[in-house]
Amino acid sequence: MKIAIIGTGNLGCSIAIGLISEDAITSLYLTKRNLENIQEFKGYSNVFLTTDNKEAIEKSDILIFAVQPAHLEKVLLEIKGLLTEKHVIISTITGYSVAKIESVIGLDNFIIRAMPNTAIAVGKSMTCLCSNQKGMERIKIAEAIFNRLGNSIVIPEDQMQAATVVCASGIAFWMRLIRATTQAAIQLGFDAQEAQKLAMYTCEGASNLLITKGSHPEQEIDRVTTPKGCTIEGLNEMEHKGLSSSLIQGMVASFNKINSIKTDLL
């Protein structure tokens, strides 16, 4: 696949790393105003660094936009005349609606919105996708790309804000939980390196149990808890202190914030 990432910031770099690692490219153009910040990609076969968005677009079929929301309209206006029927436009811009993109470049384009997370760099992203009506003709291409880099799901556009909280912000939420588990393990006598390893791989194991077996979390909890045991004692203490409630309230707060941000982008 001939892919261009327009705006190779943190997320763009993560996508690029995933694409290169998974050998998912025929060519990959990475654009950025300051190329010094993406020199790590220099030297990879069929990977090209450029400050020229037009060059990247002319030599690519799949265009992944990862610029800042405030810059997207300007970039789209600059390149709209270069778009052809071969191009698939994939926007990763939070809150920037399909209708807004259509209003800039026109209805007759394959437009897809993607909400990956930074785990895309290690091939473990949970990516949510939606598109305009024409874009549905190419949605399988987007699924093929992001399934190489983790998992993907096609959802209605009106759920994309919630998906951003659950999947993209969710990385930070899970990191905080892993950090807390690490801190507890240190208090229980493990050194910092051991504690983080215990926390990371226990988290990975818990997720893989659900993924592999298709079970519900409570089913797996029941397998660990015993009457009057230490696990249920710990779980109940966490719930008394508001673990589930705090997590839910935090996610809802993030959702309310993202909805206040998106108003100007619709």
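This is a predicted model: local features need pLDDT of at least 70, side-chain atom pairs count only at pLDDT 80 or more; totals for chains, interfaces and linings use all residues.
Two residues are in contact when heavy atoms of the two lie within 4.5 Å. By that criterion, I93 touches F65, A66, V67, P69, L72 and R113, with residues up to four places away in sequence not counted.

## The chain as a whole

The chain has 266 residues, and 39% of them are buried. Its secondary structure comes to 10 helices and eight strands. Taken along the principal axes, the C-alpha atoms fill a box of roughly 70 × 40 × 30 Å. Among contacts between residues at least 6 apart in sequence, 59% join residues at least 24 apart.

I93 is placed in the loop between strand β5 (88-91) and helix α4. Is this residue buried or exposed? Its relative accessible area is 3%, and it is therefore classed as buried, the limit being under 20%. In space, the C-alpha atom of I93 is 8.0 Å from that of A114, and the two residues are 21 apart in sequence.

I93 also belongs to the lining of the second largest pocket, where it is listed with A66, V67, Q68 and P69 as the residues closest to the pocket centre. Among these, A66, V67 and P69 are also contacts of I93. The pocket holds about 970 Å³ of space, and 39 residues line it. By class, the lining divides into 14 nonpolar, 19 polar and six charged residues.

Which elements give two or more residues to this lining? They are α1 (10-21), α3, α6 (160-187) and α10 (243-262). Helix α6 gives the most, with six residues.

## The packing of α3 against α4

Helix α3 (residues 69-79), one of the elements that contribute to the pocket lining, packs against helix α4 (residues 98-105) at an angle of about 35 degrees, with the two axes 9 Å apart. The crossing of α3 past α4 is right-handed. On the α3 side the contact is made by E73, L76 and L77, and on the α4 side by K100, I101, V104 and I105. Five of the residues in this contact are nonpolar and two are charged, with no polar residue present.

T182 lies in helix α6. Its relative accessible area is 9%, so T182 counts as buried. Leaving out residues up to four places away in sequence, T182 touches A192, A195, Q196 and A199.

F255 is located in helix α10. With a relative accessible area of 31%, F255 is partly exposed. The contacts of F255, again without residues up to four places away in sequence, are Q161, A162 and V165. F255 and A163 are 92 residues apart in sequence, yet their C-alpha atoms are 9.2 Å apart in space.

V154 is found in strand β8 (residues 150-154). Its neighbours within four places in sequence aside, V154 is in contact with L129, I139 and E143. V154 and G170 are 16 residues apart along the chain, and their C-alpha atoms are separated by 18 Å. At 37% relative accessibility, V154 is partly exposed.

## Positive phi values in two loops

Two residues other than glycine call for a check of the backbone. Phi of N46 is near 65 degrees, a positive value, and phi of K228 is near 60 degrees, likewise positive. N46 lies in the loop between β2 (27-31) and β3 (47-50), whereas K228 is found in the loop between α8 (217-224) and α9 (230-240).

How accessible are these residues, and which class does each fall into? The table sets them beside the residues described above.

| Residue | Relative accessible area | Class |
|---|---|---|
| I93 | I93: 3% | I93: buried |
| T182 | T182: 9% | T182: buried |
| F255 | F255: 31% | F255: partly exposed |
| V154 | V154: 37% | V154: partly exposed |
| N46 | N46: 39% | N46: partly exposed |
| K228 | K228: 88% | K228: exposed |

K228 is classed as exposed because its value of 88% is over the 50% limit.

Methods:
Residues are numbered from 1 along each chain as its sequence is written. Side-chain values use heavy atoms; hydrogens and water are left out. Axes are lines fitted to C-alpha atoms, for helices over the stretch in contact, and angles run from 0 to 180 degrees between N-to-C directions. Helices (H or I, at least four residues) and strands (E, at least two) are DSSP runs, numbered from the N terminus. A crossing is left-handed if the near helix is turned anticlockwise from the far one by less than a right angle, and right-handed if clockwise. Ala, Val, Leu, Ile, Met, Phe, Trp, Tyr, Cys and Pro count as nonpolar, Asp, Glu, Lys and Arg as charged, and the others, Gly among them, as polar. On a 1 Å grid over the protein atoms alone, a cavity is a set of points where a 1.4 Å probe fits but cannot get out, and a pocket is an open set with protein on both sides within 12 Å along at least five of seven lines; lining residues have an atom within 4 Å of a point. Grid points are joined across faces, edges and corners, and a volume is the space filled by probe spheres set on the points. Buried means under 20% relative accessible area, exposed over 50%, partly exposed in between (1.4 Å probe, protein chains only).
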